[in-house]
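Colleague: I have a few questions about this model. Can we go through them one by one?

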Amino acid sequence: MTIPDVDALAEQVPDGALLALPPDYSFVPMALIRALIRRGVKDLHVLAVPISGMAADLLIGAGCVRLMEAAAVSLGEAGLAPSFTRAVQDGSLKMRDSTCPAIHTALQASEKGVPFMPLGGIIGSDIVKYRDDWKVVDDPMGAGNGKILLLPAIKPDVALVHAPLADKYGNVWVGKRHELFTIAHAAKTTLATYEEIHDGDLTADPVLAAGTIPAMYISATAQVREGAKPLGLAGCYPIDMDHIRAYAKEARSQEGFDAYLKREVLGRQAEAAS
Amino acid sequence: MSEAYSSEEFLISVITRLLPERGNGAIGAASPIPGAAALLQRELTGGAFRVSLIHGITNNPFTDGGRELFDAAGQGRIDVFFLGGVQIDGQANLNLVGTGAYPSLDRRFPGSFGSAYMYFTVPRVILFRPEHSRRVFVDKVDFISAPGISPPDVHRPGGPHALVTELCVMSFDRAQGRFRLESVHPGHSVEEVRDNTGFDFDVPDSVPITPEPEPERLDILRAKIGREVAGTYPDFAERVLGYRAKASA
């Protein structure tokens, strides 16, 4: 389904959803994140796959998040994610700490439709101590590797991606960013924004098909040029580090965050297709 | 310390010496100094030591998404990885989550990233934490993101190999679960290391001074490595290695 603009696409994310987000280096639909905030989405359980930065921090600062699940939330070279840090420290945000491969693996369980997956390592980390949903068991296959961790499948209600290309059939091209494949395969539904429309069928070209998420996983798309900004989109535009650094500084106080929100998110006209 | 090189260049040279002649090194988030060291080692070994900057657009050969690094590490295909920590204790436990009582914490940091897995699966994990203080090097970490050692019933081919700080290099004995001072950087002393370390560690009778960067390596670092790290760490490439990327689209 093609949606006329990003604000209409944001209507498709229900309050309370388990929402999966790509990491900041991997095609984050920032325009759609801003539209979600404008629509006033609330009580989200945000799953970073496996880390997040600007996207999660904006949603947290705007009060849209009930539970944050991630291996880390950080603005990378620009430092700590200010809203996340503040909200955890003042107790207003519940954080479910994880570790990168645990998130990938739990999504792989959903890809396969199995209820759990084992993962090596991790035993002895305090992360395990605070995860009532994880189980350490003796290797049931008796392969001689001792104890092993079992992780329940994570099935996001909605996954969000931004792509360089989509076609009229609803296929979406993300190149080698295959964590977006994993997210789309695991989630009940995926919403995608994209830069340019591809003339033809992305799955019909063997080169493009290797980087294409087929339409069967995607419920709706909307064209949004520069839809990842201020983050980058590899091959299209770089991350705007000046913007990220300025945000990191401004949002250190809730007042500063609110000023950013008013100016950069709420004050924007609908980020409609050109 | 001589004015002929910066502190970052010194640390890059120290880390480069800890890297093997061949194999696969992976560099995680926000690690420009280890990244530059690994790329320098790649240059010095003629490519026998391979490097993946896992969050990079360039020098990131992985093609199967975020999970590929972990899947490769789980099979033993990754030989070297770097980790740090808000706190590190004498048993090489790492805390990347925060200080104070979990979960609200006094100071929250980003989180554990992949540490709880890579520490178990990569044979040579190099701990890199420039700030050498009792705030960082504590007797016991407030939160164990990744444990330094494991009991025998936990499969663990990987673990800590060495620790590099602004003062010294230490090795880690996994059987004893203890750090050992290997060398102290020029201009610093064993006493200074002791005064700024909150845990007990072994000190040999004679502690060497960490060698200064080899001039020919500095030349290669400055001439070639800035461009290689710029795709991932543009700020660092410009500030430390004097490389400014041309504005791109």
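Colleague: Is strand β2 of chain B mostly covered or mostly open?
Modeller: Mostly covered: 4 of the 5 residues of β2(B), residues 49-53, are buried. A residue is buried if 20 or more other C-beta atoms lie within 10 Å of its own, exposed if 12 or fewer, and partly exposed in between, with C-beta atoms placed from the backbone. Strands (E, at least two residues) and helices (H or I, at least four) are DSSP runs, numbered from the N terminus.

Colleague: Where do these numbers come from?
Modeller: This is a predicted model: local features need pLDDT of at least 70, side-chain atom pairs count only at pLDDT 80 or more, and totals for chains, interfaces and linings use all residues. Residues are numbered from 1 along each chain as its sequence is written, and chains are lettered from A and ligands numbered from 1 in the order in which they are written.

Colleague: Back to β2(B). Which strand is joined to β2(B), and by how many bridges?
Modeller: Strand β1 of chain B, residues 23-27, runs parallel to β2(B), with 5 bridges between them. Two strands pair if DSSP finds at least two bridges between them. Within β2(B), V51(B) is the residue opposite G25(B).

Colleague: What is the strand order in the open sheet of chain B?
Modeller: The order is β5-β4-β9, 3 strands with mixed pairing. β5 (94-95) and β9 (137-138) of chain B are at the edges with a single partner strand each, so one side of each has no neighbour in the sheet. β4(B), residues 87-89, is antiparallel to β5(B), with 2 bridges. Q87(B) has N95(B) in β5(B) as its bridge partner.

Colleague: Now the helix α2 of chain B. How many of its residues are buried?
Modeller: In α2(B), 11 of the 13 residues are buried. Among them are I33(B), L39(B), L40(B), Q41(B) and R42(B).

Colleague: What span should helix α2 of chain B have?
Modeller: The expected span is 1.5 Å times one less than the number of residues. For the 13 residues of α2(B), residues 32-44, that should be 18 Å, and the end C-alpha atoms are 18 Å apart, which agrees. After α2(B) comes G46(B), with a positive phi near 60 degrees.

Colleague: Switching to chain A. What does the domain assignment give?
Modeller: It gives domain 1 (6-98 + 155-266) and domain 2 (116-152) of chain A. Such bounds come from an automatic or database domain assignment. The C-alpha centres of domain 1 and domain 2 of chain A are 30 Å apart.

Colleague: Which strands pair with β9 of chain A?
Modeller: β7(A), residues 116-119, runs antiparallel to β9(A), residues 147-152, with 4 bridges. M117(A) has L151(A) as its bridge partner there. β8(A), residues 135-138, is also antiparallel to β9(A), over 4 bridges. Opposite D138(A) is K147(A) in β9(A).

Colleague: Last topic. How many residues does each chain give to the contact between A and B?
Modeller: Chain B gives 41 residues and chain A gives 44. Residues are in contact if their C-beta atoms, placed from the backbone, lie within 7 Å.

Colleague: Which elements of chain B give two or more residues to that side?
Modeller: They are α3 (67-74), α4 (115-121) and α7 (234-239) of chain B. α4(B) gives the most, with 5 residues.

Methods: Two residues are in contact if their C-beta atoms, placed from the backbone, lie within 7 Å.
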